[in-house]
Amino acid sequence: MPRGEVAFSPEAARKIAVQLGGRVVVKAQIHAGGRGKGGGVKLADGPEEVESITREMIGMQLVTEQTGSEGTEVSKVLIEGAVDIEREIYLGILVDRSLARTVVIASAAGGMEIEEVAAKNTGMLLRETIDPRIGLAAFQARRLVFGLKLPASSIARGVQSIQAAYRLFVECDASLLEINPLVVTRQGEMLALDGKVTIDDNALFRHPDLLALRDLKEEEPLEVEASKFSLNYIRLDGTVGCMVNGAGLAMATMDIIKLAGGEPANFLDVGGGASAEQIRNAFRILMSDSNVKAVLINIFGGILRCDVFAQGVIEAVSELDVKVPTVIRMEGTNVDQGKAMLAKSGLNFTTVGTMHDGAASAVRLARGANI
């Protein structure tokens with residue numbers, strides 16, 4: 001990596017620039033890609049310019065394709081020494097679920113959006129599938145390097161970089177590692193100028209040092225709040241809030257909302273054995289999203305009986321004074337008792353028999369809501 005250090009203020013950025021000397025790069029540090037296009041990566045010729053750029057950058061709402069229209073506030077910047085780039089390479093390691101294997105991907109089209117390269121010119125993507133019993137073999141790393149047509153002086157460094165990246169991927173229990181760009185300088189060095197590592201949440205108990213790096217300010221506040229109650233919640237851009245038990249059923253519910261012409265406002269899996277408290281907190285989180293104009297509840301009562309869930313929903317809606325229309329589709333254990341409880345509650349519930357009817361009703365109500 002290039003020499004560099006993180007700064008939380010313009011004054012600190014200036015000091016780092018003095019230490020580095022020469023031309024430097026100021027990089028906004030947020031959990032999103034596409035920062036350069038949004039004005040989050042800028043070159044500076046000296047400490048004064050670094051201080052000026054940092055003053056403008058810290059506190060700004062940086063908008064990229066990955067942040068959404070609201071953007072993300074920049075609270076810190078990385079000051080790095082500029083490098084003399086000769087070539088830019090893309091290097092990625094990810095899990096290919098269709099193969100149940102880890103795959104290393106490399107491309108000579110580094111610095112570009114790899115999705116665009118994959119869509120328009122698949123011939124520029126080099127792939128090596130890794131046997132987990134063996135790991136990344138040296139010949140596979142060499143084959144990637146030769147495919148990238150690196151100069152002879154950079155071949156050994158290229159192989160070492162790919163092998164080191166794979167070692168990092170495995171040792172950190174990562175699900176994704178991207179270095180874009182991995183550059184070859186005119187001096188023959190190989191440096192990672194930008195990178196992203198996604199760690200498997202289920203493995204974080206093995207990595208307290210990595211967990212300590214978690215920055216809650218960089219995460220969606222409602223998602224952070226949901227995690228406190230063991231709710232699997234991801235905020236989206238639609239108007240139909242979803243509450244479902246089971247990840248597969250939740251994804252199917254989102255699909256059928258789109259099929260009905262609407263857009264889901266979230267993914268929310270309350271789990272198979274949700275308690276009344278979890279249901280109440282799930283509703284509270286749903287209602288915290290001002291985009292939600294209707295709620296679709298899709299429950300299969302197995303471990304979580306329908307009558308127990310119905311009681312939890314009635315208590316949550318009453319306590320939180322939920323105003324948006326709520327559509328409920330339930331099947332499973334004690335479903336008749338659950339439906340009877342909902343009907344007697346006198347609350348703004350619409351019960352339906354099928355997922356299709358539930359999605360159609362929720363989309364219609366969301367469009368007609370005046371909340």
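**Helix packing in a predicted model**

Modeller: Just after α4, Lys149 takes a positive phi of about 60°. Please bear in mind that this is a predicted model.

Colleague: Which residues of helix α4 are buried?

Modeller: Helix α4 spans residues 138–148, and its buried residues are Gln140, Ala141, Leu144, Val145 and Leu148. Viewed down the axis of α4, these buried residues fall within an arc of 140°, so they line one face of the helix.

Colleague: At what angle do α4 and α5 pack?

Modeller: The angle is about 125°, and the axes are 9 Å apart. That makes α4 oblique to α5. The crossing in which α4 passes α5 is right-handed.

Colleague: Which residues make that contact between α4 and α5?

Modeller: On the α4 side they are Ala138, Ala141, Arg142, Leu144, Val145 and Phe146. Helix α5 contributes Ile155, Gly158, Val159, Ile162 and Gln163. By class, the residues of this contact divide into 8 nonpolar, 2 polar and 1 charged.

Colleague: Turning to α1, which of its residues are buried?

Modeller: Pro10, Ala13, Ile16, Ala17 and Leu20 are buried in α1. They cover an arc of only 120° around the axis, which puts them on the same side of α1.

Colleague: And which residues are exposed on the other side of α1?

Modeller: Those are Lys15, Val18 and Gln19.

Colleague: What covers the buried residues of α1?

Modeller: The cover includes β1 (4–7), β2 (24–28), β6 (77–81) and helix α2.

Colleague: How is α1 oriented relative to α2, and why?

Modeller: Helix α1 (residues 10–20) and helix α2 (residues 47–57) pack at an angle of about 150°, with their axes 8 Å apart. Because angles over 145 degrees count as roughly antiparallel, α1 is roughly antiparallel to α2. The crossing of α1 past α2 is right-handed.

Colleague: Which residues make the contact there?

Modeller: From α1 they are Pro10, Glu11, Ala13, Arg14, Ala17 and Val18, and from α2 they are Pro47, Glu48, Val50, Glu51, Thr54 and Arg55. The residues of the contact of α1 with α2 comprise 6 nonpolar, 1 polar and 5 charged.

Colleague: A change of topic: where is Val313 placed?

Modeller: Val313 is in helix α10, which covers residues 306–320.

Colleague: Is Val313 buried or exposed?

Modeller: Val313 has a relative accessible area of 1%. Buried means under 20%, so Val313 is buried.

Colleague: Which residues does Val313 touch, leaving out those up to four places away in sequence?

Modeller: Val313 touches Ile279, Phe283, Ile297, Ile328 and Phe349.

Colleague: How many residues separate Val313 from Leu296 in sequence, and what is the C-alpha to C-alpha figure?

Modeller: Val313 and Leu296 are 17 residues apart in sequence, and their C-alpha atoms are 12 Å apart in space.

Colleague: Finally, the whole protein: how many helices and strands are there?

Modeller: The protein has 12 helices and 18 strands. Of its 371 residues, 44% are buried. The C-alpha atoms fill a box of roughly 75 × 50 × 40 Å, taken along the principal axes.

Colleague: What share of the contacts with a separation of 6 or more comes from residues 24 or more positions apart?

Modeller: Such residues account for 66% of those contacts.

Conventions. Residues are numbered from 1 along each chain as its sequence is written. This is a predicted model: local features need pLDDT of at least 70, side-chain atom pairs count only at pLDDT 80 or more; totals for chains, interfaces and linings use all residues. Side-chain values use heavy atoms; hydrogens and water are left out. Helices (H or I, at least four residues) and strands (E, at least two) are DSSP runs, numbered from the N terminus. Buried means under 20% relative accessible area, exposed over 50%, partly exposed in between (1.4 Å probe, protein chains only). Contact means heavy atoms within 4.5 Å. The arc is that of the directions from the helix axis to the C-beta atoms. Axes are lines fitted to C-alpha atoms, for helices over the stretch in contact, and angles run from 0 to 180 degrees between N-to-C directions. Angles under 35 degrees count as roughly parallel, over 145 as roughly antiparallel, 65 to 115 as roughly perpendicular and the rest as oblique. A crossing is left-handed if the near helix is turned anticlockwise from the far one by less than a right angle, and right-handed if clockwise. Ala, Val, Leu, Ile, Met, Phe, Trp, Tyr, Cys and Pro count as nonpolar, Asp, Glu, Lys and Arg as charged, and the others, Gly among them, as polar.
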